[in-house]
Each structure stands twice: as C-alpha cells, then as structure tokens.
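Let's take a friendly walk through a protein model. Have the sequence and the 3D view ready as you read.

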Amino acid sequence: MVTAAQPLAPAVTRPRRAPAVRHLGPNWYACVMGTAIVGTAGSALPGHVPGLRAACVAVWVLSLVLLAVLLVARSLHWRHHRDQARAHLLDPAAAPFYGCLAMALLAVGGGAVTVGRDWIGTPAAVALATVLFTAGTVIGLTAAVAVPYLMAVRHRIEPGQASPVWLLPLVAPMVSAAVGPLLVPHLPPGQPRQTLLFACVAMFGLSLLATLVTLPVVFARLITGGPLPLALTPTLFLVLGPLGQSTTAVGKFADVAPSAVPASYGEGFGVLAVLYGVPVMGFALLWLCLATAHVVRARRQGMGFSMTWWSFTFPVGTCVTGAEALARHTGLAVYDGLAVVLFVVLVAAWATAAVHTARGLVSGALLAGPRPATGAPLPGTARTR
C-alpha cells in the first residue's frame with residue numbers, strides 16, 4: 001500500500017529505438033551515387049595515369065560499403081520510424097529522392113562490371129551487377145510512376161514550387177538504360193541480348209520523354225520565379241543527370257549493338273550515338289555554366305553546406321561518361337579533353353562534399369531533426385484555450 005509520504009514511481013516509457021536514423025532520408029543515397037560515378041568515370045579516361053585504375057577500384061569499393069551501410073540504416077528507419085518514412089513519401093520535397101535508391105543500386109552495379117571486376121573477378125562482378133541492375137530497375141520504374149502519382153493526387157504543390165529535384169525519379173530508368181548494355185555481352189547471343197538491349201532503349205525513351213515534359217516547368221519556374229532558395233541552388237546541377245546519362249546510354253547502345261542486333265541496326269545505333277550525343281552534350285555544357293553562375297551567386301549570399309551539395313557529383317559524372325562515349329564514337333580529341341576537365345571538377349566536388357558530410361556526421365548535425373523556426377514556441381509550451 002502506498003502512503004502519502006511515499007513518492008509514486010515514475011511512469012515507465014519505452015525508449016525509441018534507433019534514434020540516430022529517424023531523420024535519415026532517401027536523399028542520403030546520393031552519397032553512394034556520387035562516389036560510384038567517380039570510379040566508373042575515371043576508369044574510361046584517355047591515356048594511362050599510374051595508379052588511377054587502382055584508385056577507381058578503391059572508390060568503387062567505398063561506394064559498395066556505403067550502399068550496404070545505407071541499406072541497413074534505411075531498413076532500421078522504416079522499421080522503427082514508419083511515421084517519419086510515410087511523412088517523407090507525403091512530402092513533395094522529399095518524395096522524389098526515392099529515385100536515388102534505384103540510382104545508387106544501378107551506379108554500384110555498373111561499377112562492378114567496369115572496375116569492380118579487378119577486385120572480385122569477372123564472374124562475381126557480373127553476378128553482383130545483375131542483382132543490382134534488376135533491383136535498381138524495378139525500383140526505378142516503380143518510383144517513376146509512384147512519385148508523380150503521389151505529386152498529383154496526394155501532394156499539395158504551388159506553382160512556384162517546381163524544382164530540379166522532380167527529375168530524380170524520372171532519371172532512374174535512364175541510369176538503367178546506361179548500365180544494362182554492360183550486361184548484354186554476358187548473355188547468350190540472339191533473343192536474350194536483343195531483348196535486354198531493346199528494353200534499355202525503351203527505358204531511354206520513357207525517361208527522355210518524361211524529362212522533356214518536366215524540364216520546361218523547372219526552367220519556367222527559374223525564369224519567372226527568380227533564383228531558387230540558397231539551400232536548393234545546388235540542385236540545378238541535377239538537370240545535367242538526364243543529359244549526360246542519355247548521352248552515355250546511346251554510346252553504350254552503339255558499343256554493344258554489333259553483337260546483339262543485325263548490322264543495319266548496329267550502324268543506326270552508331271549514328272544515333274553521334275547525332276544525339278553531340279547536341280545534347282552542347283546543351284549540358286550550357287546548363288553547367290548557368291548552374292555554376294547560380295551557385296556562385298548563392299555562395300556569395302551565404303549558402304552553407306547541405307546534403308544538396310552531392311548534386312555536384314553524380315550529374316557531373318554522367319557528363320564525364322557522356323564525353324567519353326562521344327570521344328569513342330567521333331574520334332575527336334576535344335571530347336577526350338572535355339572528359340578530363342569534367343573529371344577533375346567531379347573529383348573536387350566529390351572530395352568537398354565527402355569532407356563536409358563526414359564532419360556533419362561526426363558532429364551529429366546532419367542526422368539531427370529540423371530546427372524550430374526562430375520565434376516559434378518550444379514543444380509543450382504553447383498556450384491553449
């Protein structure tokens with residue numbers, strides 16, 4: 001029996017498990033994408049730089065480790081913080097980042113065939129790439145349908161909220177289109193090779209047309225609504241993703257077409273690689289200059305580091321691989337030089353984003369919850385009538 005002099009026992013509350021991953025959003029997969037593309041892009045550069053191939057393999061291994069860690073962390077997030085995970089899906093600013101999961105799987109899978117085979121052997125590399133390509137393609141196609149559907153029927157979006165982030169779920173099938181041809185030579189000749197190649201061409205088409213529908217909305221928002229908020233300014237580089245990746249994809253089609261389709265089709269793919277890739281790469285360079293100018297302006301106005309800085313990595317990397325594809329199919333040294341210059345930019349951007357991300361993880365700032373707005377009442381202190 002409890003007397004008046006005896007204090008009541010405090011109520012027992014169950015502590016929330018895995019608090020560190022509560023605010024770990026799908027945007028973190030951009031770290032994997034940006035790391036994997038460094039190894040993939042560096043492996044095809046012209047000339048021979050001592051140690052470059054080994055460095056590319058090491059970077060790919062790092063991307064594989066990051067992918068494994070993030071898959072576990074995001075699984076814990078969904079298991080213990082489903083309310084937050086659902087909130088991400090219902091947030092028009094966060095939902096498009098679900099396309100990053102697919103692209104992370106595909107980027108690591110593509111790197112397995114290009115550089116990872118030096119470490120794990122060709123059979124294991126092809127097996128790993130097949131698994132990651134299949135999973136990434138399924139998730140990417142799902143995101144390409146589900147995210148626009150949610151934006152139309154569940155999200156409440158104002159006209160001035162258009163953002164390059166909207167391109168993320170639409171670009172994932174284009175990454176599949178660029179990675180799939182790497183697996184074509186490992187399939188039996190005939191129907192299997194042709195089926196995979198034409199499936200990649202179909203994904204190239206659906207991603208390209210979806211991008212052509214969305215990009216004018218983003219550009220109109222930029223022109224009529226003024227510059228993006230400082231933290232979102234780096235996302236302008238995301239526009240380079242479908243441009244560089246589509247150029248890479250048509251180059252890959254031309255590489256494998258002679259062993260997969262009739263000679264007349266193979267010649268057509270070779271022509272497409274040049275007639276499509278050259279003008280698209282020209283527009284990519286124009287957008288690179290425009291986006292860089294906006295970033296310089298935002299930096300002068302006080303733009304600090306955020307996870308959006310990873311937008312400087314993967315999209316630029318796709319332009320490197322696109323320039324490498326054009327160098328192969330045109331034989332022009334200017335594209336070799338362009339690939340080298342863009343790769344230097346890519347490495348500098350990756351190193352900067354990686355260092356700032358590591359600092360944010362050590363300090364805990366990047367995994368902390370959103371801060372209340374200045375002047376907002378603290379939780380539990382608001383008055384009620």
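## About the model

This is a predicted model, in which local features need pLDDT of at least 70 and side-chain atom pairs count only at pLDDT 80 or more, while totals for chains, interfaces and linings use all residues. Residues are numbered from 1 along each chain as its sequence is written, and side-chain values use heavy atoms, with hydrogens and water left out.

## Overall fold

Start with the helices: the protein has 11 of them and 0 strands. Both are DSSP runs numbered from the N terminus, where a helix (H or I) has at least four residues and a strand (E) at least two. Read from the N terminus, the order of elements is α-α-α-α-α-α-α-α-α-α-α.

The C-alpha trace spans about 95 × 50 × 45 Å along its principal axes. For 385 residues, a compact globule would have a radius of gyration near 21 Å, and the 23 Å of this protein agrees with that. This radius is taken over C-alpha atoms, and the globule rule is 2.2 Å times the number of residues to the power 0.38.

Contacts (heavy atoms within 4.5 Å) also tell us about the fold. Among those between residues at least 6 apart in sequence, 83% join residues at least 24 apart.

## Surface and charge

Of the 385 residues, 48% count as buried, meaning under 20% relative accessible area; exposed means over 50%, and partly exposed lies in between (1.4 Å probe, protein chains only). The protein exposes about 18600 Å², with carbon and sulfur atoms supplying 69% of that area. Accessible areas come from the Shrake-Rupley method with a 1.4 Å probe, and for residues only the protein chains shown count as cover.

There are 23 positive and 8 negative side chains, and the centres of the two sets lie 18 Å apart. Lys and Arg count as positive and Asp and Glu as negative, leaving out His and the chain ends. Each charge is placed at NZ of Lys, CZ of Arg, CG of Asp or CD of Glu.

## Cysteines

A disulfide is a pair of cysteine sulfur atoms within 2.5 Å, and the count here is 0. Cys-100 is in no disulfide, as the nearest cysteine sulfur, in Cys-31, is 9.7 Å away. Cys-100 is buried, at 2% relative accessible area.

Cys-319 is also buried, at 5%. Its closest cysteine sulfur, in Cys-289, is 11 Å away, so the pair is too far apart for a bond.

## A closer look at Arg-221

Arg-221 belongs to helix H7 (residues 191-225) and is buried, with a relative accessible area of 11%. Leaving aside neighbours within four places in sequence, Arg-221 is in contact with Gly-160, Ala-162, Gly-226, Pro-227, Leu-228 and Pro-229.
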